[in-house]
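Welcome! Take a moment to turn the model around on your screen, and then we will walk through it together.

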Amino acid sequence: MAPDPKTNIDPYTGTPTTGHEWDGLQELNTPLPRWWLWLFYATIIWAVGYWIAYPAWPLFASYSQGVFGWHSRNAIVTDLNSLKTQRGPLMDKLAAASLTEIVADPQLLDFARAVGKSAFAENCAPCHGAGGGGAKGYPNLNDDNWLWGGKLADIQQTITHGVRADDDKTRMGSMPAFGRDGMLKRDEISAVADYVRSLNGLPTPNANLTLGQKVFADNCAVCHGPAAKGNRELGAPNLTSGIWLYGDSKALIMEAVSNGRGAMMPAWGGRLDPTTIKALSVYVYSFGGGEK
Amino acid sequence: MYMDRNLASASPTPEPIDETPLYAAHRTLYPQSVKGTYRTIKWVVLVATLAIYYLLPFVRFDRGPNAPHQAVLIDLPGRRFYFFFIEIWPQEVYYLTGLLILAAVILFLMNAVAGRVWCGYLCPQTVWTDLFYAIERLVEGDRREHMLRDQAPWSIDKVSRKAIKHFLWLMVAWWTGGAWVLYFADAPTLVKDLATGQAPFIAYAWIGILTFTTYTLAGHMREQVCLYMCPWPRIQAALTDEHALNVTYRYDRGEPRGSVKKNAQLRAQGLPAGDCVDCLQCVNVCPTGVDIRDGASLGCIQCGLCIDACDAVMEKVGHPTRLIAYDTDLNVRRRLEHKPTSIHIVRARTLVYAAIIAIVGAIMLTTLATRASVGVNLMHDRNPMFVRLSDGAIRNAYTVRILNKQTDPRRFAFAVEGIAGATVDIVGIPTPPDGDLAIEVGPDQTREFRVLVTARQPPKEETSPITFTVVDRNTGEAARAFDHFFAP
């Protein structure tokens, strides 16, 4: 039964229809409550108030600032300051304590590792990897093989002043380019590479180890030591540890002897505050390779 | 058909199509006070639920020296939920899932048994609106008096009554907001802090928000919440069936309705006459303003107040009571067809709901009863997966977290098994000379540390299973975690 054409009332429900018809069907008119409309107006008024109170409209060169002067950067500064206040007591303790004191105090150690972890992720992870696992040319910080020393103070010194960095106290030492600069001939380089491999028990087919040993004693032992155990004063790696910064293939070792090596690490002293560097040192130390 | 009677109540004035109202104007309701069985039940439920809500935060429960003494406490900063003897940690939020499932299925069961019994008696919107109506009647008088005064011109009496009513409403609303925040902190301390202005801003803000919502929803929105805002009436309509007991106008008995006199005349002439005397008492007492005689509807919250109102009238005019009663439309139709009526509370639907409730409840109780008070979580280092040391040994590093869910500090023995001859070092916890590691974890706390497992003779396999065991030194309660040891 169709709605009454005069009253527009649907006979089944007693409700008026909207009068619109689609394929013989009419929609019942169940109007929204009027307060719903008021709420809609209220949101419009709210929006206008919001435009006035907060930054909202793009202008030609700038944007409308809002009467409260609210700015997302200020909000972050406020948050950071409240964070600093919260961390204040522990941060002060961290700043005052020596590295060995930090490691001896479980609470301070946990805190330093937490601070160090975020600082590491931000500053160190791009080269050394998220967990300090290292990569070719970037030392693995988890092992017990240290170029410049693995004691807490050594690590702090390296982070603060860097390696071959633009810093007065930076770690200095260089591997000369024996081949490129004409100090060694190609067969000598080949022999010394074989000799270094033999120290680690790696296969050295058709090698002239006698020549290699002689070349090593004459040229390399000055820095790497007569037993090839390295010298941390100069950052000369231990060549018998089985741990390689660039790789243990003969070609890579020959490349190192021919062209030298001289990777650098920035000095973080000017960029990070001393407390953060302290925390970083403790964090790196606690990767597992730290030396007593 | 029965539905056609709606035509009688529809507006007879023809309206041009273009002037159909786009928005419905609000109709102020003046529900009349009523006495009877269902009104008494509603009073009891109102007092009981509000007493629980307002007073529960003050109930104390002794959990020992290292835990709060509040029986029900949501400790947001400490990430703990306390409910009498139950304490829930954030990772046990599945209890909340279980509670929500239970709540939903119990609601469905209520619906299968007696329709919108939740809406009529237990819903906070109903309870607070009921309370606000009671205050309104107390100050502005019952239906007739209130309506007359509202129609009368403004007077000092009218203004002062309205002012008192809104003041009382705001007081109740304020107390409602005040009780809410007490669930989130030690109640007596917070009450003192609130009174002396020492409480955190967030506490005042929440009291303000809940004062506003209570005042608005229970004082002004009332039935509009049920009609326009609440999803349950819509869901309920889709979930219900013909056997659910609803507040039902028994039109088999009531129709044709008419005044006492008119129907008496009809009866005298041997014509059909119903018991409904069309006194509109059922409409007058309705808190949502529906006419139950139109059948179950979206607006009907099934509170049963119309039953009480109708019963009073039926007694007065000498008809049997329960012209309106908890019944089903199916039974009404059966009576019209002179068939026996029946009520099926126990049927497949209710049995399935009850079974789901029992199963979920049993699972939750079992997990609660067997809840371990110690746990160990384990995460293997990802970069690097393993480290080769200069002597050829292989080291794996793990981040281990021990959970102590008891309110006393505990000492745990810590052992790693699976890698022959491996040495275990914990960063920050020196291994004692006898090699017997013991880790102290504070009351109701977790402790995280870094564990280094070094194998002098590394396993030949690329990965070998490894087990970390944590054992309470005193009780022997143990927790285990499994991972792998990686080697080249």
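Which residues touch the most other members of the largest nonpolar core? They are B:Cys282, B:Ile292, B:Leu305, B:Cys306 and B:Ile324, in a core of 37 residues. This is a predicted model, in which local features need pLDDT of at least 70 and side-chain atom pairs count only at pLDDT 80 or more, while totals for chains, interfaces and linings use all residues. Residues are numbered from 1 along each chain as its sequence is written, and chains are lettered from A and ligands numbered from 1 in the order in which they are written.

**The cores**
- A nonpolar core is a set of buried Ala, Val, Leu, Ile, Met, Phe, Trp, Tyr and Cys residues joined through C-beta atoms within 7 Å; buried means that 20 or more other C-beta atoms, placed from the backbone, lie within 10 Å of a residue's own.
- H15(B) gives the most, with 5 residues.
- Apart from this core lies another of 25 residues, including B:Phe412 and B:Val453.

**Where the chains meet**
- The contact (C-beta atoms, placed from the backbone, within 7 Å) takes 32 residues from chain B and 35 residues from chain A.
- On the side of chain B that touches chain A, H1(B) gives the most, with 3 residues.
- That side of chain B has 17 nonpolar, 9 polar and 6 charged residues; Asp, Glu, Lys and Arg count as charged, Ala, Val, Leu, Ile, Met, Phe, Trp, Tyr, Cys and Pro as nonpolar, and the others, Gly among them, as polar.

Methods: Buried ≥ 20, exposed ≤ 12 C-beta atoms within 10 Å, placed from the backbone. Helix = DSSP H or I, 4+ residues; strand = E, 2+ residues; numbered from the N terminus. Contact = placed C-beta atoms within 7 Å.
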